[in-house]
Amino acid sequence: MKIIFYEQHADASLWLRDLALALPGADIREWQPGDTAPADYAVVWRPPPEMLACRPDLKAVFNLGAGVDAIVELERTHPGTLPPNALLVRLEDTGMSVQMVEYATHAVLRYMRRFDEYDALQRAHKWEKLVPHSRDEFTVGVLGLGVLGTKVVERLTTLSIPVRGFSRTKKDIDGVRTFAGPEQFDAFLDGAKMLINLLPHTPDTEGILSRRAFERLAPGAYLVNLARGAHLVDEDLLHAMKSGQIAAATLDVFHTEPLPEDHPFWRTPRITLTPHISAMTLREESVAQVAEKIAAHARGEPISGIVDVKLGY
Ligand code: NAP
Ligand code: GLV
């Protein structure tokens with residue numbers, strides 16, 4: 001079995017070593033420009049189109065992340081990038097949900113208990129007690145109830161705050177008010193005090209964090225974007241923060257990464273930025289899952305995590 005690997009920002013030697021240990025007998029190589037030799041499987045993150053195109057024998061492409069938007073976009077801009085019979089398979093959790101739960105819970109507690117404002121008061125040497133947010137009115141809405149969003153809502157329910165969830169198809173999760181589809185989007189948003197985004201980036205979800213959505217939230221709401229920069233209309237957030245409709249935002253993902261030096265988000269008080277770290281790809285867990293799936297597929301067994309390229313996730 002021949003496997004090609006590409007991850008521009010990783011130490012490929014470590015991935016090749018671990019994949020070889022997990023798949024004894026496999027012939028695994030780092031893909032280099034110009035390499036058109038046959039391959040059965042590709043393990044990739046943000047590959048160039050020429051790596052995958054023209055490989056009719058490729059059986060599956062394993063994406064080293066949960067979000068497949070970059071590859072799906074490649075297929076849109078360079079039709080034929082994905083060989084017609086190759087499956088596209090995403091990572092399923094591989095240690096990401098625990099990271100997302102930590103990040104999201106931290107943001108909820110930080111805003112609910114107003115710790116961000118106490119930080120500012122301390123910097124100004126001010127001893128001032130703020131009126132606490134009412135727990136009952138601190139409704140948190142989570143966009144996306146997949147592998148990651150489900151773990152996040154389950155944990156948030158343990159904080160005894162009202163939790164809502166939004167997905168494409170209806171879900172039933174203990175303690176969570178669930179909404180599905182565009183016709184229930186407004187009801188999901190209405191009066192929520194905080195919005196946490198864990199949707200995939202698809203044509204249907206692009207720009208979903210917009211002025212129209214912000215206006216339906218409770219005044220002085222909070223936004224946490226953990227999915228993709230393309231979900232957010234940046235100018236609408238800046239406008240909503242100016243008016244006070246959005247009080248504060250925590251952003252882990254951006255239209256352009258790294259966030260350009262001159263982007264106003266760097267200078268907006270009460271925007272907290274992190275460099276796309278809310279849930280990182282962990283090598284050990286990812287190699288174990290990918291190797292297990294490659295072995296299962298090679299034996300002719302079904303595997304999970306197959307992307308519906310038409311839906312985009
Ligand atoms: P997932 O398991 O595929 O879940 C996606 C969820 O979004 C599902 O509940 C799906 O609904 C819902 N959804 C999709 N399209 C929708 C639409 N048009 N309207 C409403 N709901 C829609 O994905 P995941 O593993 O949880 O990951 C989610 C995203 O997080 C990834 O795509 C990636 O962009 C992002 N991510 C970011 C980081 C980071 O470090 N910042 C790390 C990992 C992942 P159904 O359940 O009905 O299908
Ligand atoms: C990271 O952003 C991922 O999609 O896994």
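Reply: In this predicted model, an oxygen atom of ligand 2 is 2.8 Å from a polar backbone atom of Gly67.

Me: What makes the pair formed by ligand 2 and Gly67 a polar contact?

Reply: A polar contact requires a pair of N or O atoms within 3.5 Å. The distance at Gly67 is 2.8 Å, so the pair is a polar contact.

Me: Which residues are around ligand 2, and how do they divide by class?

Reply: The residues around ligand 2 are Trp45, Gly65, Ala66, Gly67, Met96, Arg228 and His276. By class, this shell has 3 nonpolar, 3 polar and 1 charged residues.

Me: How do you know that Lys171, Arg228 and Ala279 make polar contacts with ligand 1?

Reply: The cut-off is again 3.5 Å between N or O atoms. A polar side-chain atom of Lys171 is 2.7 Å from an oxygen atom of ligand 1, and the corresponding distance for a polar side-chain atom of Arg228 is 3.3 Å. At Ala279, a polar backbone atom is 3.1 Å from an oxygen atom of the ligand. Each pair therefore counts as a polar contact. On its own, ligand 1 has 930 Å² of accessible area, of which the protein covers 92%.

Me: What makes up the shell around ligand 1?

Reply: Ligand 1 is surrounded by 29 residues, the closest being Arg90, Thr169, Lys171, Leu226 and Tyr313. The shell divides into 15 nonpolar, 8 polar and 6 charged residues. Helix H4 (96-112), helix H6 (147-157) and strand E7 (163-167) each supply at least two residues of it.

Me: Why is ligand 1 said to lie between domain 1 and domain 2?

Reply: Domain 1 (2-94 + 281-298) and domain 2 (96-273) both give residues to the shell around ligand 1, so the ligand lies between them.

Me: How do you know that domain 1 and domain 2 are in contact?

Reply: Contact means heavy atoms within 4.5 Å, and 13 residues of domain 1 are in contact with 8 residues of domain 2. The area buried between the two domains is about 840 Å², with carbon and sulfur atoms giving 49% of it. The C-alpha centres of domain 1 and domain 2 lie 32 Å apart.

Me: What makes the backbone at Cys54 and at Pro258 worth noting?

Reply: Most residues other than glycine have a negative phi, and most peptide bonds are trans. Cys54, in the loop between helix H2 (49-52) and strand E4 (60-63), has a positive phi of about 60° although it is not a glycine. The peptide bond from Glu257 to Pro258 is cis, with omega near -5°. Pro258 is in the loop between strand E11 (246-251) and strand E12 (271-273).

Notes: Residues numbered from 1 in each chain as written. Chains lettered and ligands numbered in written order. Predicted model: local features only at pLDDT ≥ 70, side-chain atom pairs only at ≥ 80, totals over all residues. Heavy atoms only, no water. Near = heavy atom within 4 Å. Polar contact = N/O pair within 3.5 Å; in protein donor to acceptor, adjacent residues only side chain to side chain. Areas by Shrake-Rupley, 256 points an atom, 1.4 Å probe, with all protein chains shown as cover. Helix = DSSP H or I, 4+ residues; strand = E, 2+ residues; numbered from the N terminus. Nonpolar A, V, L, I, M, F, W, Y, C, P; charged D, E, K, R; others polar. Domains from an automatic or database assignment. Buried area = accessible area lost by both parts, 1.4 Å probe.
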